[in-house]
Amino acid sequence: MLNFSEKFLDVPVEDGKLKILEESTLYAPYPLKSPQPWQVVVVKSPERVRELVKFHRIKSPVIFLFFVNRDFETVCLTNLASGCAQAVNLAVQASALNLACFIDIDPPKDFVDKAFEIAKISKTEYDLSAVGFVGYPAKEEREVFFEVERRG
Amino acid sequence: MVLDFIKQRRTIRKYKRGLIPSEEALEEILSAVRLIYAQYPIPFKLYIVSGRTRLELVPIMRQHYSIFIDLAIIGKAVSEEVRPIFEKLMVEFMKDLGGAPITLIGLTKLYDWKEEKWPDWAIRNWKVSWMIAQAIMLYAKKNGLDTGSFTFASASIEEKILEFLGERDLNIAFVLNLGYGDENPIPKDVEWKVVEI
């Protein structure tokens with residue numbers, strides 16, 4: 001049911017599927033004492049995606065950015081957990097749509113800076129809890145080295 | 001269909017007594033844990049507590065009403081009209097923590113709760129643990145089961161639970177009840193907080 005991938009085809013994700021993925025991210029647990037403590041930004045315009053993936057080893061046609069509220073400008077662990085739960089929803093839903101997902105919970109600093117910049121989100125109010133790379137999975141070629149010896 | 005069980009997953013605080021989840025369902029839930037853990041290896045241990053052990057653990061968990069304090073905070077956030085129902089449910093919940101047949105306890109290495117700034121490794125462990133918790137909750141729902149997480153407002157209770165489990169090096173990341181729900185929580189209002197760029 002979970003299809004993690006690190007390589008994606010350069011094929012766009014259909015809008016209908018994207019809407020379902022987006023909806024799946026709205027149903028993560030969060031403390032009842034506050035409204036949903038997050039903002040999901042879906043980067044899908046090819047120019048913006050190109051700008052962003054320059055700073056990451058994973059390249060996918062769509063990128064979900066899971067921003068969560070800071071608590072009085074400090075990291076809120078509960079909200080970070082909610083953001084990661086949203087990313088799991090995304091991964092599970094993506095697999096059901098024959099898509100694959102890669103979740104990064106500690107992306108490189110340059111990537112994070114660029115994500116805040118293009119999403120126009122305030123760093124004093126939000127943390128980037130997780131990033132979801134989504135697309136159709138490409139066949140992954142792994143280099144496997146081991147010795148083969150035939151005798152007889 | 002997948003979206004349905006993602007949407008239907010709610011925190012359940014009352015469980016049908018005597019209805020035990022099947023080994024097959026448990027195994028599928030554990031397969032979800034393995035999938036996440038394989039992607040994000042961290043120090044992690046999952047306790048599946050049931051039967052007599054759960055009965056012994058419940059009095060430790062509900063000491064000093066630490067869970068009640070957390071529930072009371074949540075209670076303040078519910079509307080006036082449903083508050084009496086919520087309060088009744090809280091009192092019931094406190095008797096034996098919802099009467100769930102199974103309680104899952106996820107352990108990892110964390111940092112000091114009193115500290116505002118956690119090191120990167122501890123935040124990573126925390127995040128992965130909650131990815132695991134969410135995967136458990138979704139796979140449980142997929143198998144017709146319900147879950148509900150609860151937290152402690154007391155570090156000393158956490159220490160006592162760890163002592164009970166015989167754990168010295170790890171901390172509690174999450175506690176989840178697992179079983180067949182015996183309540184229908186009100187639907188959650190969700191706001192479409194998604195923007196495309």
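## Exercises on chains A and B

Three bridges join β1(A) to strand β5 (residues 194-196) of chain B, and these strands run parallel; strands pair if DSSP finds at least two bridges between them. This is a predicted model, in which local features need pLDDT of at least 70 and side-chain atom pairs count only at pLDDT 80 or more, while totals for chains, interfaces and linings use all residues. Residues are numbered from 1 along each chain as its sequence is written, and chains are lettered from A and ligands numbered from 1 in the order in which they are written.

**Exercise 1.** Find which residue in β5(B) stands opposite Val41(A).

*Solution.* Begin with β1 of chain A, which covers 38-43.

**Exercise 2.** Describe the order of the elements in chain A.

*Solution.* Helices (H or I, at least four residues) and strands (E, at least two) are DSSP runs, numbered from the N terminus. Chain A has four helices and four strands, and from the N terminus on they follow the order α-β-α-β-α-β-α-β.

**Exercise 3.** Work out which element gives the most to the side of chain A that touches chain B.

*Solution.* Two residues are in contact if their C-beta atoms, placed from the backbone, lie within 7 Å. The contact takes 40 residues from chain A and 35 residues from chain B. On the side of chain A, at least two residues each come from α1 (15-24), β1, α3 and α4 (109-119), and α3(A) gives the most, with 11 residues. By class, that side of chain A has 26 nonpolar, eight polar and six charged residues, where Ala, Val, Leu, Ile, Met, Phe, Trp, Tyr, Cys and Pro count as nonpolar, Asp, Glu, Lys and Arg as charged, and the others, Gly among them, as polar.

**Exercise 4.** Determine how α3(A) and α6(B) are oriented to each other.

*Solution.* The axes of α3 (residues 77-96) of chain A and α6 (residues 120-142) of chain B come within 8 Å and cross at roughly 50°; axes are lines fitted to C-alpha atoms, for helices over the stretch in contact, and angles run from 0 to 180 degrees between N-to-C directions. Angles under 35 degrees count as roughly parallel, over 145 as roughly antiparallel, 65 to 115 as roughly perpendicular and the rest as oblique. The two helices are therefore oblique to each other. Among the residues that meet are Leu77(A), Cys84(A) and Val92(A) in α3(A), and Trp126(B), Lys127(B) and Gln134(B) in α6(B). By class, this contact has 14 nonpolar, one polar and one charged residues.
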